[in-house]
Amino acid sequence: MLVIIRPDKAVASIQAAKLVADQVRHKPDSVLGLSTGNTPLATYTELIRMHRDDGLDFSNVTTFNLDEYFGLSREHPQSFYSEIHKNFLDHINVRSDRTHIPNGESKAPAKTCSEYEDAILAAGGIDLQILGIGRTGHIGFNEPTSSLASRTRLKTLSDETINDNSKISGDIPEVAITMGIGTILEAKKILLLAFGESKSNAVAKAIEGPISSSCSASALQMHRDVRFILDEEAATELRHRSYYDRVVEQTKRYAPELLGITND
Ligand code: PGA
């Protein structure tokens, strides 16, 4: 795992956007896994800027969102459908038939979930998955006790998540459709972003704790290509900070492309 600690969220988000842009330039028909919430917003803003100013082309890209509240219409302002459209998809040239978001209005959720898995497979799998992390250590809405092998399914939200998310957007449903941890682990590359002191405990458990269903993000320790991009505040509880910084220094020398930078 590469743990990249940047001075603040703005700098970290620009680096994350650069890594996403590199993926799209390298493979124009990339399949991107998208997340919602506050964390990736500045990354999306920078990608939109790159599209506008630098011609970053999303016309052959396919997207799959991680999760969606269950029981909200797509048009509802709190739906992740509305959120990802407002903050990202509506501002780039991705084709609407290549964007996928779990259907939170489904009358047959089990079928909807298995069809979502099928659609990911049919697209060739996710090339790069963008993740945030909840204070519970969740990725997607895989709350503590989620099976580390779980697939896309309905999940009941924890009290902590309901509190956190309703602070941002008002009352929210208690159930969501989410990709499973097993689904996420099949992405070829994973970029987890975490900013702010409130995430520092979950981040430390994810990176340095035991692999455990009590912290879903700890399952990422089993993934072969995962990068954590953190700000200083989210990194405060890491015990091996100086080692991570040394790894990044050596990566700069020998494999700068992994960091979204070039040496020339
Ligand atoms: P946040 O949510 O980006 O709004 O903090 C992250 C998450 O719950 O996964």
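Trainee: Which helices and strands each supply at least two residues of the lining of the largest pocket?

Mentor: Strand 4 (67-69), helix 3 (80-87) and helix 5 (159-169) do, and helix 5 has the largest share, with five residues. Helices (H or I, at least four residues) and strands (E, at least two) are DSSP runs, numbered from the N terminus. The model is predicted, so local features need pLDDT of at least 70 and side-chain atom pairs count only at pLDDT 80 or more, while totals for chains, interfaces and linings use all residues. Residues are numbered from 1 along each chain as its sequence is written, and side-chain values use heavy atoms, with hydrogens and water left out.

Trainee: What makes a space a pocket or a cavity?

Mentor: Both are found on a 1 Å grid over the protein atoms alone; in a cavity a 1.4 Å probe fits but cannot get out, whereas a pocket is an open set of points with protein on both sides within 12 Å along at least five of seven lines. Lining residues have an atom within 4 Å of a point. The largest pocket has a volume of about 780 Å³, where volume is the space filled by probe spheres set on the points, joined across faces, edges and corners. Of its 33 lining residues, Thr36, Gly37, Asn38, Asn165 and Ile168 are the closest to its centre.

Trainee: How does the lining divide into nonpolar, polar and charged residues?

Mentor: Eleven are nonpolar, 15 polar and seven charged.

Trainee: Which residues surround the ligand?

Mentor: They are Gly37, Asn38, Thr39, Gly132, Ile133, Gly134, His138, Ile168 and Lys199. To count as near a molecule, a residue needs a heavy atom within 4 Å of it.

Trainee: How far is an oxygen atom of the ligand from an N or O atom in the side chain of threonine 39?

Mentor: The distance is 2.4 Å. A polar contact is a pair of N or O atoms within 3.5 Å; within protein, one must be able to donate a hydrogen and the other to accept it, and residues adjacent in sequence count only if both atoms are side-chain atoms. The 2.4 Å pair of threonine 39 therefore qualifies. A polar side-chain atom of lysine 199 lies 2.6 Å from a ligand oxygen, and a backbone N or O atom of asparagine 38 lies 3.0 Å from one.

Trainee: Why does glutamate 117 count as buried?

Mentor: Buried means under 20% relative accessible area, exposed over 50%, and partly exposed in between (1.4 Å probe, protein chains only). Glutamate 117 has 12% relative accessibility, so it is buried. Its place is in helix 4 (residues 109-122), and its side chain makes a 2.8 Å polar contact with that of arginine 151.

Trainee: Why is serine 242 called exposed?

Mentor: Its relative accessible area is 55%, so it passes the limit for exposed. Serine 242 belongs to helix 8.

Trainee: How do you know whether threonine 145 and serine 146 are buried or exposed?

Mentor: Threonine 145 has 64% and is therefore exposed; serine 146 has 0% and is therefore buried.

Trainee: What does serine 146 contact, leaving aside its neighbours within four places in sequence?

Mentor: Arg153, Lys155, Ile181, Ser213 and Ser216, where contact means heavy atoms within 4.5 Å. A 3.1 Å polar contact joins the side chains of serine 146 and arginine 153, and a polar side-chain atom of serine 146 lies 2.7 Å from the backbone oxygen of glutamate 143.

Trainee: Is phi of threonine 145 positive or negative?

Mentor: Positive, near 85°, in a residue other than glycine. Most residues other than glycine have a negative phi.

Trainee: Why does glycine 140 count as buried?

Mentor: Its relative accessibility is 9%, so glycine 140 is buried. Glycine 140 touches Leu66, Asp67, Thr178 and Ile184, not counting residues up to four places away in sequence.

Technical notes:
Nonpolar A, V, L, I, M, F, W, Y, C, P; charged D, E, K, R; others polar.
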